[in-house]
Amino acid sequence: MRHKKHTFKIGRRPAHRRAMIANLLKALFEHERIETTETKAKELRRHAEKLIELAKTGTLASRRQAAALLHLRYNTLTIKEAKAAKKGNLAAYNFDRKVLKKLFSEIQERFQTRAGGYTRIMKSSERVGDRAPKCLIELV
């Protein structure tokens, strides 16, 4: 029995599900609005609101917890890549770092006074191939 198990399995194994949720979270925080299926959006909402609560605390521990939940890649840059990133060449820079920075600066400031309900799910059309219900999830 699955009593008190608050997760949508979404038809995927646990490792694939965690990776998919992390990628959806990165896309949501980067673009602030994404289109996905209804089940994925409902599961994504749980994780997004938890990350925004972590960002509102703003501590180093919460930043590390958010980095772990987002599966951030902190590959070290070579000296040439670091110089190129400082000059503005974004091809050498890791975009995951920008997502975390945006979460802990812009999004944190926007929702600092809000008590909850940071995301909105709006139903849209059905997917062409299998008629799965699609919806838009966005930050309020």
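Reader: What makes up the accessible surface of the protein chain?
Author: The surface comes to about 9,300 Å², and 53% of this area belongs to carbon and sulfur atoms (Shrake-Rupley method, 1.4 Å probe). The model is predicted, with local features requiring pLDDT of at least 70 and side-chain atom pairs pLDDT 80 or more, while totals for chains, interfaces and linings use all residues. Residues are numbered from 1 along each chain as its sequence is written, and side-chain values use heavy atoms, leaving out hydrogens and water.

Reader: What share of the protein chain counts as buried?
Author: Of its 140 residues, 35% are buried, that is, under 20% relative accessible area with a 1.4 Å probe, protein chains only.

Reader: Why are α2 and α5 called roughly perpendicular?
Author: Helix α2 (residues 38-57) and helix α5 (residues 95-110) pack at about 90 degrees, their axes 9 Å apart. Roughly perpendicular covers 65 to 115 degrees, and α2 and α5 therefore qualify.

Reader: Which residues of α2 and α5 meet?
Author: Leu 51, Ile 52, Leu 54, Ala 55 and Lys 56 of α2 meet Leu 103, Phe 104, Ile 107 and Gln 108 of α5 (contact: heavy atoms within 4.5 Å). This contact of α2 with α5 has 7 nonpolar, 1 polar and 1 charged residues. Lys counts as charged, whereas Leu, Ile, Ala and Phe are among the nonpolar types.

Note on methods:
Axes are lines fitted to C-alpha atoms, for helices over the stretch in contact, and angles run from 0 to 180 degrees between N-to-C directions. Helices (H or I, at least four residues) and strands (E, at least two) are DSSP runs, numbered from the N terminus. Angles under 35 degrees count as roughly parallel, over 145 as roughly antiparallel, 65 to 115 as roughly perpendicular and the rest as oblique. Buried means under 20% relative accessible area, exposed over 50%, partly exposed in between (1.4 Å probe, protein chains only).
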